Amino acid sequence: MSSIVKTNVELFTFQRSKDLQQYSGDMYFFTELPNNEFLCVLADGLGSGIEAHRSAKAVIDAVKEDPAEELDSLMDKCNQAVSGLRGAAVAMIRVNFVAHTLTYTGTGNIRFYFMEASGKMSFPLSTMGFLSGRKQLFKLKQFQYKPGSKFLIHSDGLKLRKVRSYLDSPISAVHTGHSIERQIASVPEDDVSFVVGKFLD
């Protein structure tokens with residue numbers, strides 16, 4: 001687990017592998033870009049162990065080549081990167097700190113939740129299927145955010161009930177993350193990863 005305060009967003013990240021194996025099939029990556037944008041990616045390689053890890057790593061490596069690319073282009077590159085591998089579910093968000101927009105895209109069973117400062121929660125569904133090298137079309141969903149808005153991205157290893165109760169609170173992303181962490185088994189039956197963020201003033 002880790003907590004990080006970036007310029008405009010506070011983050012809490014967590015990862016624990018299935019049965020505490022050496023390799024996790026989940027990987028995440030985030031970066032602040034020079035054009036006042038922020039990118040966060042979570043990849044869940046199919047299955048678990050080394051082969052799932054290779055798929056997730058291929059996704060993250062593809063994103064790192066040029067994280068400033070548009071989300072649909074990044075998804076296409078990630079799709080090509082896992083061709084011949086086991087495949088992966090992927091979710092991405094791009095935040096523009098000037099326009100105060102958050103754009104989401106994803107495929108597979110990674111879940112994304114966005115809680116506005118007003119208390120309205122959205123959870124757009126990802127495109128069905130997973131990245132495998134086959135041609136796909138990816139849906140984009142854009143939101144306006146205000147300081148205090150929160151988001152949560154998690155792999156399917158996290159079984160979280162009453163998500164609203166974790167996000168609809170003025171507490172920090174770190175405290176929210178610790179609350180979610182307490183719901184995770186010390187030796188989980190699946191790889192578990194999540195990123196929770198809160199936009200700052």
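How many salt bridges does a search of the whole structure find? Before the answer, a word on the model: it is predicted, so that local features need pLDDT of at least 70 and side-chain atom pairs count only at pLDDT 80 or more, while totals for chains, interfaces and linings use all residues. Residues are numbered from 1 along each chain as its sequence is written, and side-chain values use heavy atoms, with hydrogens and water left out.

The search finds five salt bridges, a salt bridge being a side-chain nitrogen of Lys or Arg within 4 Å of a carboxyl oxygen of Asp or Glu. Side chains of opposite charge can pair when their charged atoms come close. Helices (H or I, at least four residues) and strands (E, at least two) are DSSP runs, numbered from the N terminus. Helix H1 also holds Lys57 and Asp61, four residues apart, whose salt bridge has its closest N and O atoms at 2.8 Å. Lys57 is partly exposed at 37% relative accessibility, and Asp61 is partly exposed at 32%, where buried means under 20% relative accessible area, exposed over 50%, and partly exposed in between (1.4 Å probe, protein chains only). In the salt bridge of Lys77 with Glu69 the closest N and O atoms are 2.5 Å apart; here Lys77 is partly exposed at 30%, whereas Glu69, at 19%, counts as buried.

We turn next to the sheet. Five strands form an open sheet in the order E3-E4-E5-E6-E9, with antiparallel pairing, and two strands are said to pair if DSSP finds at least two bridges between them. Strand E3 (26–33) and strand E9 (141–144) are the edge strands, each pairing on one side only, and the twist averages 15 degrees from one strand to the next. Between E5 and E6 there are seven bridges, in the antiparallel sense, and Ala91 has Gly106 in E6 as its bridge partner. Helix H1 packs on the sheet, where it touches E3, E4 and E5, and its direction makes about 160 degrees with that of E4. Axes are lines fitted to C-alpha atoms, for helices over the stretch in contact, and angles run from 0 to 180 degrees between N-to-C directions.

What lies inside? The largest nonpolar core has 22 residues, and among those with the most contacts inside it are Phe38, Ile93 and Phe199. Such a core is a set of buried Ala, Val, Leu, Ile, Met, Phe, Trp, Tyr and Cys residues joined through side-chain atoms within 4.5 Å. Its largest share, four residues, comes from E5. Apart from this core lies another, of 20 residues, including Val41, Ala56, Ile60 and Met92. In soluble globular proteins, nonpolar side chains tend to be buried together.

Finally, the cysteines deserve a look. With a disulfide defined as a pair of cysteine sulfur atoms within 2.5 Å, the count comes to zero. The sulfur of Cys40 is 13 Å from the closest cysteine sulfur, that of Cys78, and so is too far away for a bond. Cys40 is buried, with a relative accessible area of 0%, and Cys78 is buried with a relative accessible area of 0% as well.

Methods
Contact means heavy atoms within 4.5 Å.
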